[in-house]
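Q: I'm new to reading protein models. Could you walk me through this one, feature by feature?

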Amino acid sequence: MRRLTLPGAALAGALALAGCGGSDASKPDLSASSVYMPQPVSADMAAGFLTIVNKGGTKDELTSVTSDQAGRITLHSTSGGAMQEVTSFAVPAHGRLVFESGGNHLMFENLKHKPKQGDTLTLRLKFAGSGPLTVEMPVKPATYNPSTDH
Ligand code: CU
C-alpha cells in the first residue's frame with residue numbers, strides 16, 4: 001500500500017515540463033518490500049527489517065517510524081558489531097535503503113503484546129520529502145532471514 005503526496009511547489013516546474021502522464025522521475029517514488037520482524041523473545045524489545053525502494057530520480061530521507069502497537073520505534077545502524085541510534089536514513093535516487101539482520105534495523109520498544117509468528121504490525125514511515133507510507137510488517141519465525149533462505 002503506497003501513499004505519496006507531492007512535496008509541493010518545487011515540483012511545479014518539472015511537472016509542467018514532463019508534459020504527459022505516467023510517473024514523474026523528478027520526485028522520489030518510494031515503496032517497501034521484504035518487510036518482516038523475527039519473532040522476539042519478549043515485548044520489551046524487537047528488531048524489524050525492510051527494504052525501501054526509490055524508483056524516482058530524487059533522493060529522500062526516512063525520518064521516523066511509528067506504530068500503534070509499539071511504544072517507541074527507533075532507527076539503528078550497526079557498525080563493527082555495535083548498534084547506534086540515528087535520526088534518519090537516506091533513500092538514494094534510483095536506489096534503496098536496506099534494513100537487514102546484522103545491519104540497519106528498526107528497534108521496537110515497549111510493544112503492547114509480544115509479537116508472535118503470524119501476527120502483523122502496522123507501521124507508518126515518515127519521510128523528509130514524500131508523504132508517509134503505511135507498511136504491514138509480518139512476524140516471522142525467530143530464525144527467519146530472507147538473505148539466507150535461498
Ligand atoms: Cu538496535
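Predicted model: local features only at pLDDT ≥ 70, side-chain atom pairs only at ≥ 80, totals over all residues.

Q: How many salt bridges does a search of the whole structure find?

A: The general idea is that side chains of opposite charge can pair when their charged atoms come close. Here the search finds 2 salt bridges. In one, the closest N and O atoms of Glu85 and Arg72 are 3.7 Å apart. That pair links distant parts of the chain, with Glu85 in strand β5 and Arg72 in strand β4, 13 residues apart. Strands are DSSP runs of E, at least two residues long, numbered from the N terminus.

Q: Which residue forms a salt bridge with Arg72 at 3.1 Å?

A: That's Glu109. Glu109 sits in strand β8, 37 residues from Arg72. Put together, Arg72, Glu85 and Glu109 are linked in a network of salt bridges.

Q: Is Glu109 buried or exposed?

A: Buried means under 20% relative accessible area, exposed over 50%, and partly exposed in between (1.4 Å probe, protein chains only). Glu109 has 19%, so Glu109 is buried. Arg72, at 39%, is partly exposed, and so is Glu85, at 47%.

Q: What are the protein donors of the copper ion?

A: Donors are N, O and S atoms within 2.8 Å of the metal (3.2 Å for Na, K and Ca); water is not among the atoms, so sites may look incomplete. In this model they are His76 (ND1), Met83 (SD) and His105 (NE2), lying 2.0 to 2.1 Å from the copper ion. Met83 is in strand β5 and His105 in strand β8, 22 residues apart. His105 is buried at 7%, while Met83 is partly exposed at 44%.

Q: What is Phe89 in contact with?

A: Contact means heavy atoms within 4.5 Å. Leaving aside neighbours within four places in sequence, the contacts of Phe89 include Leu62, His76 and Phe99; His76 is one of the copper donors. Phe89 is in strand β6 and, at 9% relative accessibility, counts as buried.

Note on methods: Residues numbered from 1 in each chain as written. Heavy atoms only, no water. Helix = DSSP H or I, 4+ residues; strand = E, 2+ residues; numbered from the N terminus. Salt bridge = Lys/Arg side-chain N within 4 Å of Asp/Glu carboxyl O.
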